[in-house]
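Grab a pencil and work through these exercises with the model open beside you. Try each task yourself before you read its solution.

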Amino acid sequence: MSGSHHHDHDHDHDHDHDKAHSHPHSPPAPDDDDGYDRYEVLLQTAIRELLDEKGIISAAELHRQIDYQDSLTPAIGGKIVAKAWTEPEFKKKLLADPLKAINESFELDITTPLDLVVLENTPTVHNVVVCTLCSCYPRMLLGIPPAWYKSLDYRSRVVVEPRKVLAEFGTVLSEEVEVRVSDSTADLRFLVLPNRPAGTEGMTQAQLAELVSRDSMIGTAVVPAPSK
């Protein structure tokens with residue numbers, strides 16, 4: 001296994017330190033993004049009220065931010081992947097300068113000090129992303145990270161036994177395929193560009209985008225061939 005393991009986290013970002021789960025991948029629950037317990041809900045409410053009381057941010061402003069965050073879903077990333085599969089020039093720009101290519105092609109305005117790197121899967125290389133110390137994640141493209149991505153189990157194991165972890169997701173790769181693990185940081189996010197499956201040559205970008213899952217853009221899954 002080879003990979004980019006960055007550990008210089010400035011803890012001013014996604015502080016979602018979940019409890020470790022012995023088997024977080026078998027399989028994840030459909031609503032595993034919303035694993036908040038009562039304590040967390042009460043804490044969030046208290047923080048919101050304090051921010052409003054101190055005049056740091058109003059309730060209306062906070063709700064606008066929440067609505068914006070809720071609007072971010074993996075469908076955004078799926079459209080990016082589909083465009084890269086069908087337009088070689090866009091793919092070239094995406095790999096060279098991801099944020100610029102995305103903003104220009106999708107009329108988005110992603111303004112962030114974070115750097116974004118797109119990792120291209122090939123027939124001989126498979127990329128998988130983790131954040132070993134926190135839960136750094138390209139939320140602007142994939143939305144809220146799943147609970148298993150934030151779990152200690154995934155964060156600690158995928159860097160040392162990636163093939164075993166991938167197999168728990170149902171992703172079994174041949175020994176000829178090199179698995180590369182990339183570790184996100186406070187300043188760096190990764191997006192996996194999965195392989196385009198066979199049998200999709202006549203599909204439109206919209207149809208292709210529907211095949212692309214969140215997990216395939218993290219690297220724990222591959223995009224399956226369309227059912228006939």
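**Exercise 1. Decide how far to trust the coordinates.**

This is a predicted model, where local features need pLDDT of at least 70 and side-chain atom pairs count only at pLDDT 80 or more, while totals for chains, interfaces and linings use all residues. Residues are numbered from 1 along each chain as its sequence is written, and side-chain values use heavy atoms, with hydrogens and water left out. The score to look at is pLDDT, the predictor's confidence in each residue, from 0 to 100. The protein chain averages 81, and 73% of the residues score at least 70. Over residues 1–36, though, the pLDDT is below 50, even though this stretch has 90 contacts beyond near neighbours in sequence in the model.

**Exercise 2. Find what the buried residues of helix 5 pack against.**

First, the inventory: the protein chain has 11 helices and 5 strands. These are DSSP runs, numbered from the N terminus (helices are H or I, at least four residues; strands are E, at least two). Helix 5 spans residues 98–106, and its buried residues include P98, L99 and I102. The buried residues of this helix pack against helix 3 (74–86), helix 4 (88–96), strand 2 (115–120) and helix 6 (139–142). After helix 5 comes E107, with a positive phi near 55°.

Keep going to L114, in the loop between helix 5 and strand 2. Counting a contact as heavy atoms within 4.5 Å, and leaving aside neighbours within four places in sequence, L114 touches L99, A186, D187 and R189.

**Exercise 3. Describe the ring pair formed by Y149 and Y154.**

Rings of Phe, Tyr and Trp (its six-membered ring) pair if their centres lie within 6.5 Å; planes under 30 degrees apart are stacked, over 60 edge-to-face and the rest tilted. The structure holds 7 aromatic pairs. In one of them, Y149 and Y154 sit 5.8 Å centre to centre with 35° between the planes, a tilted pair. Both tyrosines, Y149 and Y154, are buried. Widen the view, and ring pairs link Y137, W148, Y149, Y154 and F169 into a cluster.

**Exercise 4. Which residues does L211 contact, leaving aside its neighbours within four places in sequence?**

Locate L211 in helix 10 (residues 205–211). Then list its contacts: P197, T200, M203, V223, P224 and P226. Finally, take P224 from that list: L211 and P224 are 13 residues apart in sequence, with 7.4 Å between their C-alpha atoms.

Definitions and conventions: Buried < 20%, exposed > 50% of the residue type's maximum accessible area, 1.4 Å probe, protein only.
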